[in-house]
Amino acid sequence: MNASIPLVFATAAVVAVVIGCGTKPAASSQDLDREAQAAVKASFRDEGIAKTDRLNQDLGQSACSSDKPPPEAVADQIMSEARASVKWPANGMYFGDWREGEKLAQNGRGMTWTDPSTATSANGGNCYNCHQIIKAEISFGTIGPSLYNYGKNRGVTNLAAPTAQGVIEYTWMKIYNGKTSNACSNMPRFGHAGLLDQRQMADLMSLLLDPKSPVNQ
Amino acid sequence: MQTRREILSRSATVVGLLATAGMLPKTVLAAWSQAAFEAKNMADAVKALGGGAPVESKDVTITGPDIAENGAVVPVGCATALPGVKRMLLLVEKNPNALAAVFDVTDAVETNFSTRVKMGQTSNVIAVAMMGDGKVLFAQKEIKVTLGGCGG
Amino acid sequence: MADPMRIRAQVAGDKATVRVLMSHEMETGQRKDSAGKVIPAWFIQDVTAAINGKTVLTAQWGPSVAKNPFLQFTVRGAKAGDKITVSWADNRGDKRTDETTVS
Amino acid sequence: MKTFVIGLATVLSAVGIAQAQGKTAAEGIAEYRKMLEDGNPADLFEVRGEALWKTRRGPKNATLEQCDLGRGPGVVKGAFVELPRYFADTRKVQDLETRLVTCMETLQGFSGAEIAKTEFGRGEQVNVTALATWVAAESRGLRFALPQGHAEERKSYEIGKRVFFYRAGPYDFSCASCHGEEGKRIRLQDLPMLTKNPGDGVGFAAWPAYRVSNGQMWGMQLRLNDCFRQQRLPYPTFGSEVTIALATYMGVNAKGAESIAPAIKR
């Protein structure tokens with residue numbers, strides 16, 4: 001993840017210089033942006049694998065850091081940068097093993113300061129935290145849409161069929177970097193942020209799209 | 001003003017005196033049934049406590065939720081309205097050691113006890129009534145243990 | 001010494017419902033610490049309840065009773081002002097006795 | 001056009017399944033929670049906290065009975081539902097836990113900096129949590145009414161709001177990712193929407209709480225600390241400005257909500 005200039009707070013910094021510190025009229029919104037930035041900088045410390053550089057925001061993070069959506073032009077920029085970021089699987093290996101995918105989907109671990117390593121092998125997919133997936137698992141979150149019958153509902157009956165190619169590419173892109181289709185998507189960018197490797201993403205692809213996966217039964 | 005803790009500790013002293021005067025039950029020091037608590041299943045636990053083969057019975061009730069949000073704390077209860085009960089047991093079938101608790105019943109208490117147990121996974125929980133006449137009756141109920149939280 | 005229990009005993013008709021919370025780790029002996037070492041079992045084994053000094057219930061517990069245990073039972077023929085005493089002893093020999101008045 | 005039709009079908013079937021399955025699971029969980037309400041081990045911490053308040057401790061061998069939690073020295077009842085607030089003596093907005101540490105320092109002679117550095121669940125932090133549990137319990141049933149009269153209190157709210165929406169880290173999460181919409185859940189746990197009053201005894205109005213998953217008593221400082229851990233962000237220091245500001249933001253948003261703290265939580 002490259003740390004570009006935090007957009008929201010960058011403007012605040014300029015304004016702050018003009019007004020100067022120490023004056024006590026009602027704080028402007030920009031003053032408060034600057035103070036919030038300073039509070040964030042001052043309030044955290046490194047712990048385990050979670051270092052303070054994680055507080056640096058890239059364009060998408062800073063533009064999606066308020067209760068209002070970013071301007072359309074910014075959203076477009078985030079999405080086009082996201083699309084450019086997607087790495088397609090080597091040799092067209094989109095699929096793996098849905099059983100492994102299910103295990104990954106169940107696994108909510110990874111990247112916290114209590115996790116031992118940032119290696120992809122230490123990470124789960126966290127999928128059930130937000131999505132319904134196979135019907136037998138009743139403990140699922142609702143932040144994201146249900147993925148039950150994901151492939152079936154999209155008409156995927158044969159992974160090798162040319163008609164399935166569009167859905168396959170879309171799904172890969174969504175897992176790799178969900179900001180491709182929604183600038184402020186809540187979904188982590190599993191490929192782009194290095195959370196899952198190609199093999200793990202292929203296993204999740206099988207879970208969602210393989211006609212033999214319980215997701216599509 | 002006294003704190004609750006002071007009240008409690010003062011009463012603890014009183015109890016200490018009672019104990020010295022021989023007025024307190026000595027059962028606190030009674031032998032703990034190690035073999036029963038090491039048993040892997042209901043039949044072995046009951047056997048270790050001197051009982052015969054358990055028979056399922058509608059006269060025994062086991063209470064608990066259908067789903068537990070967390071296996072670390074699962075509220076369960078065992079009860080029976082039958083007269084002549086000597087002991088009530090609570091078990092979790094799929095725990096490494098099935099037996100969780102043994103209650104020795106007297107006429108002064110209702111045969112109805114509630115506590116909370118740990119469950120490693122979805123399992124049957126079992127209430128067993130060991131009767132004075134040697135009969136051993138039981139009831140069971142499945143409690144689903146779900147994965148909660150963010151899993152991290 | 002162990003922390004005090006919290007005992008509530010409330011009369012309803014000719015009986016009293018007793019609810020007890022005990023402060024105890026109830027360590028199973030099956031868990032490992034971060035270094036991979038087994039954390040030894042440490043749990044309440046014996047529980048006794050008495051009304052006005054007369055034992056009404058004895059119980060044996062194993063390590064699968066939950067941490068900070070809760071126990072509820074009902075004493076027949078209890079009335080306001082009666083003294084309910086609850087004692088426990090754990091597998092390390094630690095003990096605790098607390099008392100409350102039925103209200 | 002075709003994708004639209006497929007998309008709609010997905011949505012419809014998803015809603016159907018969520019209702020059919022979600023209902024029974026949610027009912028089961030509700031039943032479980034109800035069973036746990038009677039006999040909350042938080043009581044054990046409450047008893048300990050009350051004793052600590054009245055016990056002479058620390059280098060100055062003093063009690064905390066003269067501690068000013070915002071309503072004057074020694075006034076405990078009602079203090080919890082007005083925190084965090086601005087304190088003139090420290091010239092800071094403080095939450096319950098940091099204010100307790102201030103009192104432990106000024107009245108009892110403990111080192112506040114040492115306590116702040118101590119891990120949760122260790123040493124004096126255990127006592128801070130127990131004290132917070134008792135102080136909160138003394139306001140049970142009262143409604144949240146955080147003061148916003150002081151400029152610093154208003155600033156704290158505004159900073160808290162900005163922190164609430166601050167997205168960062170490998171997962172791109174902010175507080176709002178999970179707590180910015182109504183009716184969402186993670187696994188089977190309902191997520192309170194914290195940008196407005198989430199309701200009586202929900203969200204801010206439920207902590208400190210006893211966590212059954214690990215048998216620990218958690219104050220708001222640890223609650224927020226673990227939120228940041230799950231957000232995959234670095235470690236917020238005890239009593240740091242973002243934690244106080246977030247508490248102010250949530251507390252002000254919870255205006256009028258009835259406090260049930262200390263609650264029992266998964």
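Analyst: Two strands pair if DSSP finds at least two bridges between them. Helices (H or I, at least four residues) and strands (E, at least two) are DSSP runs, numbered from the N terminus. This is a predicted model, in which local features need pLDDT of at least 70 and side-chain atom pairs count only at pLDDT 80 or more, while totals for chains, interfaces and linings use all residues. Residues are numbered from 1 along each chain as its sequence is written, chains are lettered from A and ligands numbered from 1 in the order in which they are written, and side-chain values use heavy atoms, with hydrogens and water left out.

User: In what order do the 6 strands of the open sheet run?

Analyst: Strands of a sheet pair through backbone hydrogen bonds, either parallel or antiparallel. Here the order is β2(B)-β4(B)-β7(B)-β5(C)-β2(C)-β1(C), with antiparallel pairing. At the edges stand β2 (60-63) of chain B and β1 (6-12) of chain C; each has a single partner strand, so one side of each lacks a neighbour in the sheet. From one strand to the next the twist averages 15°; axes are lines fitted to C-alpha atoms, for helices over the stretch in contact, and angles run from 0 to 180 degrees between N-to-C directions.

User: How many bridges join β1(C) to strand β2 of chain C?

Analyst: There are 7 bridges between β1(C) and β2 (residues 15-21) of chain C, and the two run antiparallel. Within this pairing, C:V11 stands opposite C:A16 of β2(C).

User: How should I read the packing angle of helix α5 and helix α9 of chain A?

Analyst: Angles under 35 degrees count as roughly parallel, over 145 as roughly antiparallel, 65 to 115 as roughly perpendicular and the rest as oblique. Helix α5 (residues 98-106) and helix α9 (residues 198-209) of chain A pack at about 105°, with axes 7 Å apart. The pair α5(A) and α9(A) is therefore roughly perpendicular. Where contact means heavy atoms within 4.5 Å, the residues that meet include A:W98 and A:L104 in α5(A), and A:L204 and A:L207 in α9(A).

User: Is helix α9 of chain D largely enclosed or open to the outside?

Analyst: Buried means under 20% relative accessible area, exposed over 50%, and partly exposed in between (1.4 Å probe, protein chains only). Of the 13 residues of α9(D), 12 are buried, so this helix is largely enclosed by the rest of the structure. Among the buried residues are D:V242, D:Y249 and D:N253.

User: Which backbone geometries deserve a second look?

Analyst: Most residues other than glycine have a negative phi, and most peptide bonds are trans. In chain D, a cis peptide bond with omega about 10° joins D:W207 and D:P208, and D:P208 sits in the loop between β4 (189-191) and β5 (209-211). Another cis peptide bond, with omega about 0°, joins D:A261 and D:P262; D:P262 lies in the loop between α9 and β8 (263-265) of chain D.

User: Where are A:N91 and C:N68 found, and is each buried or exposed?

Analyst: A:N91 has a positive phi, near 55°, and is found in the loop between α4 (72-85) and α5 of chain A. A:N91 is exposed, with a relative accessible area of 76%. C:N68 has a positive phi near 50° and belongs to the loop between β4 (54-61) and β5 (70-76) of chain C. C:N68 is buried, with a relative accessible area of 6%.
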